[in-house]
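Morning. I will take a few minutes on one structure, starting with the overall fold and ending at the ligand. Have a look at it first.

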Amino acid sequence: MSTTAEQNNSLSVPDANGHFGIHGGRFVSETLMGALEELEALYERLSKDPEFQAEFDKDLAHYVGRPSPLYHAERLSAHCGGGQIWLKREDLNHTGAHKVNNTIGQALLAKYMGKPRVIAETGAGQHGVASATVAARLGLECKVYMGEEDVRRQALNVYRMRLLGAEVIPVTSGTRTLKDAMNEAMRDWVTNVDNTYYIIGTAAGPHPYPKLVRDFQAVIGRETKHQSMAQIGRLPDAVVACVGGGSNAIGMFYPFMDNTETRMIGVEAGGFGLETGQHAAPLTAGRPGVLHGMRTYLMEDDAGQILGTHSVSAGLDYPGVGPEHSYLKDIGRAEYVAATDDEAMDAFRKLTQIEGIMPALESAHAVAYAMKMAKEMSPDQVIVVNLSGRGDKDIHTVAQIDGIEM
Amino acid sequence: MNRIEARFNQLKADGRKAIIPYVTAGDSEPAVTVPLMHALVEAGADVIELGVPFSDPMADGPVIQLACERSLVHGTRLLDVLDMVAEFRQQDADTPVVLMGYLNPVEAIGYENFAQRAKAAGVDGVLTVDLPPVESEGLMAALKAEGLDIIFLISPTTSPVRRKAICEQGSGYLYYVSVKGVTGSKALNVDEVATYITDMRHDTDLPLCVGFGIRDGEAAAAVCQVADGAIIGSVLVNQIAELSDRPQEIPAAVAAIIKDMRTAVDAA
Ligand SMILES: Cc1ncc(COP(=O)(O)O)c(C=O)c1O
């Protein structure tokens, strides 16, 4: 089912050097080139290996619980008045988010490479939890790097990771968020490259990560297409997903690439509003540069220093984005917009109160934009929102905003 | 002939090895850098690697990471670093200066613009840590047009195929990263380095310098038994960190470390 050969579309990116148009590539120190070449060669082989694919599919079915449902949010749609809002329920996956699709795949790569130790960076903690989970299951040592600021606002996930046997390292450098956690994980990897596999949590970083994360996450879009045909009788008019590093969005978008009748819309974190500069929306408000091994849209100052970001959701609080999104923006195949903290909070409450589904604050950004869009659409038109994760991890943040001590 | 080539030719003729200090420009404050560069030369430095601070120095350990932060607090930009080099050049026409840093600040001002300004300031070579040869066509062309060297890293994990490509595309000298890790992480293994360097001579005639993990004169001297030069970074930056509240003491204290290294290397 999930062979990557089947996922090919007419764009066929990245090229052999990992380029998506001018974006992507492999901008790392020589000390990491060997490890990336090794990973690339292994992935090239395994992505065409039916046995590997069968193992991946089996884990997705029996461990993650796929396929995840496609749910018609009828009351929310009625509330907005206009188009139909459907939800791809990645929040129902084991560990509560789409992140696990990728960690299952990459943990298998680690296993095939015989690496006894895995490391990961995490923002919201969902990728850290998903990594700690697969590490526990495979008996691998696991270390998770997390910005000190995120350790504070995602305390529940920190404890989950520790219960799962992972060591969580608070990162105190730079802005103490996701980008700094990624720097620190890279440093660990350079130092321990012989016995360590680095599970990158989003479709970003140096080649081949953006490609392999996309391939592992593309199960989301493939299922959505089948389910749309079965439940709606046609493909949706638009698919909408939040964009942090871009993994849940590219997973949803990729299989739709050639279905140009379906609009693809990525929603970035608008923070306090784009005009304030306090946001995490590189595609909407940044420019191309080089960070974390890739060329891509970034938030940077005139001198090329990376800017601090702000978002109410830790998982979107990142100044870069996966290079395939930068490419899709450049060629105009996908559209990128931003939703503010307030809009996301409002969507969080609406979805909770009207549908009984509590979304992750990241996912709430996609819901917010879909609610806006739905108002402008006719009742026969369909939007599928990728509901990338559940909101349990964010209860503290929401309570704090409500002024409640927990 | 540019300054780097001239310097290594002279060293070879004299039967001496290069001592190459690394300091981050603008650490602990911008006014320190030029006096520090002169003091380093005075103490026996043959080439200076001047770090361009970056907000996300992924290949560096905490020591240089913090140096970047100390410098960036003062808003040090790549163009400011070029001004420092120009100021240094007013009194020193011979000592080669190599800028070491990350690609994004260079991209931000454009390759050609950067190469022209760097040349005008008196820079001799550029080492961009996160720019491997496969991605470097554009910057290499811009630097070549100005007669600037592009210096590449080679590591213990570099495959024979990539090593060959690096040896062909690099100029000035080659920088062998002596440990698996980030800057300042652990001490190097001299025997392993010797084996690798000896082997690498088959691929290139460029000078081979070794860096990462050289902490004292003894290690520098041992490395220079086989290599053409020793690059010394984290011990110097640590000293700067210790004196960051007494910046006027930095040049002399850091130069003293280089002086010891010079003595040890020359005595070996
Ligand atoms: C639930 C959820 N959605 C989305 C994201 C953003 O990541 P990406 O853009 O890679 O999907 C995160 C990241 O932590 C997350 O936890």
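**Fold, backbone and ligand site**

The secondary structure of chain A amounts to 17 helices and 14 strands. The radius of gyration of chain A is 19 Å, close to the 22 Å that the globule rule gives for 406 residues, so chain A is as compact as a globular protein of that length. For the extents, the C-alpha trace of chain A spans about 55 × 50 × 45 Å along its principal axes. Keep in mind that this is a predicted model.

Next, the backbone. If you are preparing this for a calculation, here are the peptide bonds to look at.

V13(A) and P14(A) are joined by a cis peptide bond, with omega about 0°. P14(A) belongs to the loop that runs between α1 (4–7) and β1 (19–20) of chain A.

There is also a cis peptide bond between H207(A) and P208(A), and there omega is about 10°. P208(A) has its place in the loop between β8 (196–199) and α10 (209–217) of chain A.

Then phi. R176(A) has a phi near 60°, which is a positive value in a residue other than glycine. Where is R176(A) found? R176(A) is in the loop between β7 (167–171) and α9 (178–191) of chain A.

Now the ligand. Where does the ligand sit? The answer is the largest cavity.

There are 18 residues around the ligand, and those that come nearest are T202(A), G244(A), G246(A), S247(A) and S388(A). By residue class, the shell around the ligand divides into five nonpolar, eleven polar and two charged residues.

An N or O atom in the side chain of H98(A) is 3.0 Å from an oxygen atom of the ligand. N248(A) contributes from its side chain, where a polar atom lies 2.8 Å from an oxygen atom of the ligand.

How much of the ligand does the protein bury? Taken alone, the ligand exposes 390 Å², and the protein buries 98% of that.

To recap the site: the ligand is in the largest cavity, with 98% of its exposed area buried by the protein, and the polar class accounts for eleven residues of the shell. On the backbone side, the cis bonds I went through are V13(A) to P14(A) and H207(A) to P208(A). That is what I have.

Technical notes: Residues are numbered from 1 along each chain as its sequence is written. Chains are lettered from A and ligands numbered from 1 in the order in which they are written. This is a predicted model: local features need pLDDT of at least 70, side-chain atom pairs count only at pLDDT 80 or more; totals for chains, interfaces and linings use all residues. Side-chain values use heavy atoms; hydrogens and water are left out. A residue is near a molecule or strand if one of its heavy atoms lies within 4 Å of it. A polar contact is a pair of N or O atoms within 3.5 Å; within protein, one must be able to donate a hydrogen and the other to accept it, and residues adjacent in sequence count only if both atoms are side-chain atoms. Accessible areas come from the Shrake-Rupley method with a 1.4 Å probe; for residues, only the protein chains shown count as cover. On a 1 Å grid over the protein atoms alone, a cavity is a set of points where a 1.4 Å probe fits but cannot get out, and a pocket is an open set with protein on both sides within 12 Å along at least five of seven lines; lining residues have an atom within 4 Å of a point. A molecule sits in a cavity or pocket if more than half of its atoms lie within 2 Å of its grid points. Ala, Val, Leu, Ile, Met, Phe, Trp, Tyr, Cys and Pro count as nonpolar, Asp, Glu, Lys and Arg as charged, and the others, Gly among them, as polar. Helices (H or I, at least four residues) and strands (E, at least two) are DSSP runs, numbered from the N terminus. The radius of gyration is taken over C-alpha atoms; the globule rule is 2.2 Å times the number of residues to the power 0.38.
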